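Hi,

Here is the structure I said I'd pass along.

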Amino acid sequence: MGNNALKDNPPGADLHISTNASDWLWAAFCVQAVSLLVMLVFNFARPRGTRLFHQLSLIILIGFSVGYFSMASNLGYAPAPVEFRGHGDKPTRQIWYVRYIVWTVTFPLSVLELLLATGLSLSDIVTTCFMCIVVIVMGLVGAIVLSTYKWGYFVFGIAGLFYVWYVLLWHGVRTQFPGDGVLRPGYIQAAGWFAFILITYPICWACSEGGNVITPSAEMIWYGILDICAGPIFLFFYLFRLHNVDYATFGFSSGKYTDSGAVVVPSEKPPVSAA
């Protein structure tokens with residue numbers, strides 16, 4: 001049975017993805033979905049109370065899976081006018097808002113997953129996650145603006161991305177890591193990989209939604225490779241680097257967890273009265 005996504009959901013823009021691009025998106029969806037199932041198994045294999053990083057990874061992979069299912073089905077986009085580049089007078093191009101919705105979930109959570117292993121304060125972590133959202137929102141707003149003012153939003157997004165890079169590669173590395181620095185090597189490797197992948201997203205945006213230089217099909221291939229690198233590859237690598245670390249090293253403490261419908265609260269020693 002062939003891929004009928006573009007027949008069942010006809011493109012509503014002059015510049016749109018091809019059936020081959022949809023095939024690639026289905027392949028990327030399979031990678032994300034299989035990674036989600038594997039992560040689910042890993043999550044349940046962990047003892048209760050030590051699943052935070054795995055559950056954050058599950059949320060990220062759920063977001064990517066739903067997003068790529070939508071894009072492979074040729075859904076989740078809006079036609080927007082783009083600059084003239086040999087395609088007629090002000091043609092429309094598919095702008096995939098579903099991708100930006102997915103990134104609004106996955107990007108801050110990926111950064112959160114990294115920074116939880118550092119000694120950064122909660123305020124620094126929250127601010128960095130907010131900057132991740134700023135980057136995504138600026139990309140979406142810039143993508144739907146026809147005039148050259150879109151590059152102003154691009155600059156705002158790059159400024160937010162520089163802040164994220166600074167925290168990941170400079171500020172976060174120089175904090176006092178929990179457990180006498182046992183987490184530092186894994187964090188440096190994972191943060192370095194993630195930061196490198198982040199560099200290429202603005203380049204792809206400038207060539208696709210921004211400058212309308214490459215076709216929507218080429219855009220999908222480029223973004224798809226990046227999302228696989230920033231999604232499953234990054235997550236499995238990061239969790240592998242942390243799998244031998246004692247969970248108590250992170251210093252997380254919620255005070256309770258839920259088991260079989262009952263709230264289990266760790267016992268506390270009674271205070272010792274003065275003699």
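Predicted model: local features only at pLDDT ≥ 70, side-chain atom pairs only at ≥ 80, totals over all residues.

The protein has eight helices and four strands, and from the N terminus the order is α-α-α-β-β-α-α-α-α-α-β-β. Of its 275 residues, 47% are buried. The accessible surface is about 13700 Å², with 68% of that belonging to carbon and sulfur atoms. If you take the contacts with a separation of 6 or more, 72% of them are between residues 24 or more positions apart.

Now the helix pair. The axes of α5 (residues 122-144) and α6 (residues 150-171) come within 8 Å and cross at roughly 155°. That is over the 145 degrees cut-off, so α5 and α6 count as roughly antiparallel to each other. The crossing of α5 past α6 is left-handed. On the α5 side, the residues that meet α6 include T128, M131, C132 and V135; the α6 residues in this contact include F156, G157, G160 and L161. By type, the residues of the contact come out as twelve nonpolar, six polar and two charged.

Last, a residue in another helix: A27 sits in α2, which spans residues 19-45.

Cheers

Note on methods:
Residues numbered from 1 in each chain as written. Heavy atoms only, no water. Helix = DSSP H or I, 4+ residues; strand = E, 2+ residues; numbered from the N terminus. Axes fitted to C-alpha atoms, helices over the stretch in contact; angles between N-to-C directions. Parallel < 35°, antiparallel > 145°, perpendicular 65-115°, else oblique. Left-handed = near helix turned anticlockwise from the far one by under 90°. Contact = heavy atoms within 4.5 Å. Nonpolar A, V, L, I, M, F, W, Y, C, P; charged D, E, K, R; others polar. Buried < 20%, exposed > 50% of the residue type's maximum accessible area, 1.4 Å probe, protein only. Areas by Shrake-Rupley, 256 points an atom, 1.4 Å probe, with all protein chains shown as cover.
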